[in-house]
Amino acid sequence: MQLHTTTLGETGSRIVFLHGLFGQGRNWHTLGRTLAAGPDGHRVTLVDLPNHGRSPWTDHVDYVEMAEAVAGLLDADDPVTLVGHSMGGKVAMLTALLHPQLVARLVVADMSPVDYPVEEDETTGGVLRYARILRDVDLASFGSRAEVEAALLPQVPNDTIRAFLMQNLHRVDPADGGGWRWAANVDVLARDGAALASWPAKALAEAQPYAGPVLWIAGGESSYVRPEFDEAMHRWFPQARKVTMKGVGHWVHSEKPELFLQILQAFLAR
């Protein structure tokens with residue numbers, strides 16, 4: 001699978017960013033541009049994961065397949081710092097475990113290598129309900145972005161989350177019928193919520209723990225990284241160092257981008 005990517009910077013070590021559910025590579029653009037232009041310089045790659053952004057859609061959700069698609073972007077002669085948030089964090093962890101020669105160091109943002117509940121809990125499985133909400137919007141009945149956003153308001157009252165979801169709304173070329181569509185494959189994402197919430201342990205039956213340095217960033221107001229998940233994290237990533245960002249929820253890099261950047265830069269400088 002050929003994933004859509006954006007490249008920033010031409011020199012320095014390579015950093016690859018993986019977004020979360022309903023995200024796109026461009027969610028990391030400001031942070032990536034800062035790293036590429038900084039005094040140390042980095043070659044930054046922003047990835048659209050399958051069923052998101054401008055990357056291909058599939059007929060199912062499979063974390064191992066996503067990790068293999070990401071591995072196809074990497075080179076053992078030029079191992080990367082791999083950064084993943086949420087769903088992208090699981091993809092990043094799997095990539096490091098299945099192809100450790102491709103990953104020099106790993107950053108996992110507000111995600112753990114565990115099975116999460118699928119029920120509609122606002123701090124964990126609740127994120128998956130947005131796939132069902134978007135799927136059930138009758139886009140053909142709306143003429144403007146404002147109308148679509150107004151339709152989402154009752155079920156997504158949080159302005160930040162609603163604006164984030166609205167980034168997936170695209171106008172279809174008139175030559176292809178016009179109207180609106182979601183950039184994310186909401187039908188598949190809604191149907192395969194259990195797969196998105198899971199950790200594919202069976203696929204790792206023969207994998208060894210990842211021995212490289214790992215930065216594990218937790219949102220202080222989020223429940224995706226909990227003390228009871230430490231054992232699972234250190235089982236797979238014995239060198240993991242946890243940093244908790246106080247006063248932020250699940251979207252750690254967008255809620256406090258300056259602090260997230262400082263933490264990431266300190267890790268890169270080690």
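## Asp192 and its contacts

Asp192 touches His60 and Val61, leaving aside residues up to four places away in sequence. Contact here means heavy atoms within 4.5 Å. This is a predicted model: local features need pLDDT of at least 70, side-chain atom pairs count only at pLDDT 80 or more, and totals for chains, interfaces and linings use all residues. Residues are numbered from 1 along each chain as its sequence is written, and side-chain values use heavy atoms, with hydrogens and water left out.

Where is Asp192 found? Its place is the loop between helix H7 (186–191) and helix H8 (193–197). Helices (H or I, at least four residues) and strands (E, at least two) are DSSP runs, numbered from the N terminus. Asp192 is buried, with a relative accessible area of 13%. Buried means under 20% relative accessible area, exposed over 50%, and partly exposed in between (1.4 Å probe, protein chains only).

The side chain of Asp192 has a polar atom 2.9 Å from the backbone nitrogen of Val61. The Asp192 side chain also makes a polar contact with the side chain of Arg191, at 2.8 Å. A polar contact is a pair of N or O atoms within 3.5 Å; within protein, one must be able to donate a hydrogen and the other to accept it, and residues adjacent in sequence count only if both atoms are side-chain atoms.

## Confidence

The chain has a mean pLDDT of 93, and 97% of its residues reach 70 or more. Over residues 120–125 the pLDDT is below 50; this stretch has 19 contacts in the model beyond near neighbours in sequence. The pLDDT is the predictor's confidence in each residue, from 0 to 100.

## Salt bridges

Side chains of opposite charge can pair when their charged atoms come close. How many salt bridges does a search of the whole structure find? The search finds 7. A salt bridge is a side-chain nitrogen of Lys or Arg within 4 Å of a carboxyl oxygen of Asp or Glu.

One of them joins Arg191 to Asp192, with the closest N and O atoms 2.8 Å apart. Arg191 counts as exposed, at 53% relative accessibility, whereas Asp192 counts as buried. Another joins Arg162 to Asp159, where the closest N and O atoms are 2.8 Å apart. These two residues sit 3 residues apart in helix H6 (residues 159–166), so about one helical turn separates Arg162 and Asp159. Arg162 is buried, at 8%. Asp159 is exposed, at 52%. A network of salt bridges links Glu149, Asp159 and Arg162.

Glu228 forms a salt bridge with Arg226, and here the closest N and O atoms are 3.9 Å apart. Glu228 is exposed, with a relative accessible area of 54%. Arg226 is partly exposed, at 26%.

Is strand S2 (residues 13–18) largely enclosed or open? In S2, 5 of the 6 residues are buried, so the strand is largely enclosed by the rest of the structure.

S2 runs parallel to strand S3 (residues 42–47), and 6 bridges join them. Phe17 has Leu46 as its bridge partner in S3. S2 also runs parallel to strand S4 (residues 80–85), joined by 4 bridges. There, Ile15 has Thr81 as its bridge partner. Two strands pair if DSSP finds at least two bridges between them.

S2, helix H1 (residues 29–37) and S3 make a right-handed β-α-β unit. A crossover is right-handed if, with the strands pointing away from the viewer, the path from the first strand over the helix to the second runs clockwise.
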